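Here's a quick walk through a model, taking in a chain-to-chain contact, a sheet and a pair of helices. Have the structure open as you read.

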Amino acid sequence: MLVVEKLSKVFGDLTAVDAVSLAIPKGQMVGVIGRSGAGKSTFLRMINRLTDPTIGTIIYEDREITALKGRDLRLWRASCAMIFQQFNLVERMDVLTNVMVGRIAHTGFTRSMMRSFTDEDRARAIQALDRLDLVPQALQRAGTLSGGQQQRVAIAKALVQNPRIMLADEPIASLDPANATRVMEALREINRTDGLTVLVNLHTLDTARAYCDRIIAMRDGKVRFDGTPEALTNDTVRSIYGTEDLAGEFDEAVTSTSLNSNSLQQAKQAIGA
Amino acid sequence: MNGLVMTALSPAIQQFETDYAAARKSALRINLVSTVIFAICFFAAASMGGFFDMTDVTLSNGDRVSMWKIWAGLPRLGEYLYKTLPVLHWETLGADLANWFWRWKVWLQLLLETILIAYLATLLGVVGAFLLSFPASRNLAPNAFVLNLTRRYLEIVRTVPELVWALIFVFCFGVGPLAGVLAIGLHATGALGKLYSEANENADMRPVEGIKASGGSWFDQIRYGIVPQVVPNIISYTLLRFEINVRASSIIGFVGAGGLGQEIRVAMSLQEYTDLSALFLLIFVTVIIMDTVSENVRHRIIGLTGKGV
């Protein structure tokens, strides 16, 4: 159980995250939605402690995460893997080493500096790559891979961290629909098979509906909706995205990156395609 | 008339035309002002530097005239250079060359010493600069105190010229190449540290964040997030520095810190003009060879680092 209590982050005059309180049970797949600047990224980064909260606490299984320091903090980051929109891989380094870097928190100083990982770490890394169908690319430079492949390398790296929570910050925003689907499928598979808690920031509503057990919607740093995808009505969506001034229906298909979105199919039927 | 012109311009486009004219006008004004400021600075600096100083010269017909120093002095430069030219005859070329490079055994030995000083000094400089460049980078320094401390240190060691460090080290460690190695190495640390840290500051921070998010320490973040990105730059700067150090180590012999410099100094003070041209030629050829080799090595290594370092 991950518990967040009155978590806030202030940047100068801007309150990016404003007193957010939530509890996320183990094994849930949670989608965080909201328009750009709603505080989704800052919220996720605070859980991993890449960003320190201004006030508030994060508690994971009776441990106060917000109080961790030094080695404990690094171990927490390892057990709470983060996937980024821009993949954040070391592009000039081969794929295998990029994945083995997931073991960095458990690797001693000398071994780390010499880039000499243990055989066990290498075995874990290649197994993770196998799970994501990337073994043939293992010795290529990460920068030579396509965006979708790089994102799956990042997921493999997250997996070898042996995490308990996986955070994904707009993981499919830089990908085409086919790759976006593969990445979302991989996240769901990890959630179902390994029972990992997955928190994913999305800006496409239909993706959140399709993959998540629970949707949290943020606006101006506050949680405006928290519930099942079914409970998320059109009116709620309008208030979250601030499209009250837009006339007519808010069409999820317009922003969709999905290949087989329902609304897209309806649109096709309507024009007789 | 075509239809485009006939169509009435929309208010937005008319507004744009007004704004555009205003932007052009202000750009021209800024250009004019900066040109004038630049010209004033140029003339001020040139007159302080003695560019417009006058001197009296006696012409061939015996008249004394006053003219700009720079014009009066230019012929003397030619005179000096002419004196350094050796007398070579086609029939006696071998003997003339032998005469020109009469101390070639000593010179070659000193040339080797010069290159070795440069090599060792570059090595010292690279190690120091590499280690210090990370705390000296604004985006990587753990805190402001460490950042300022390392930056000031690098500034101090590179502000003091090699020749001054050499004087100090000759005083400490005596005449010889050791003083030269330390002097050039210290200066190179400062110069390279600045360049390396700039390369670090231009590095993409996303991989660093990727390592941090996986639980990497500061050292891990640098080792994996920064080093692979900056290695090509480091190699480039290092080879360039090696060339600069070869030139530096051929001069520091002036103050007794080893290398060819002591021969140059002797030749100058004894007015052995042809010796000077011979020594200059030796250094010139060496630098050309270094330049060619280092460029080849650089390209090859940058190609190789594709596999990651």
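Two residues count as in contact here if their C-beta atoms, placed from the backbone, lie within 7 Å. Bear in mind that this is a predicted model. By that cut-off, 26 residues of chain A are in contact with 21 residues of chain B. On the chain A side, α2 (70–79) and α4 (109–113) each supply at least two residues, and α2(A) gives the most, with four residues. How does the side of chain A that touches chain B divide by residue class?

| Class, side of chain A that touches chain B | Residues |
|---|---|
| nonpolar | 13 residues |
| polar | seven residues |

Six strands make up an open, mixed sheet, running β6-β7-β8-β3-β9-β10. β6 (80–83) and β10 (222–227) sit at the edges, each pairing on one side only, and the twist averages 15° from one strand to the next. Within this sheet, β3 (residues 29–33) and β8 (residues 197–201) of chain A pair in the parallel sense over four bridges, with V30(A) standing opposite L199(A) in β8(A).

Over in chain B, look at α7 (residues 162–173) and α8 (residues 177–201): their axes come within 8 Å and cross at roughly 140°. The two helices are therefore oblique to each other, and the crossing is right-handed. Among the residues that meet there are W165(B), F169(B) and F173(B) from α7(B) and L182(B), I184(B) and L186(B) from α8(B). The residues of this helix contact divide into eleven nonpolar, two polar and one charged.

Note on methods. Residues numbered from 1 in each chain as written. Chains lettered and ligands numbered in written order. Predicted model: local features only at pLDDT ≥ 70, side-chain atom pairs only at ≥ 80, totals over all residues. Pairing = 2+ DSSP bridges. Axes fitted to C-alpha atoms, helices over the stretch in contact; angles between N-to-C directions. Nonpolar A, V, L, I, M, F, W, Y, C, P; charged D, E, K, R; others polar. Parallel < 35°, antiparallel > 145°, perpendicular 65-115°, else oblique. Left-handed = near helix turned anticlockwise from the far one by under 90°.
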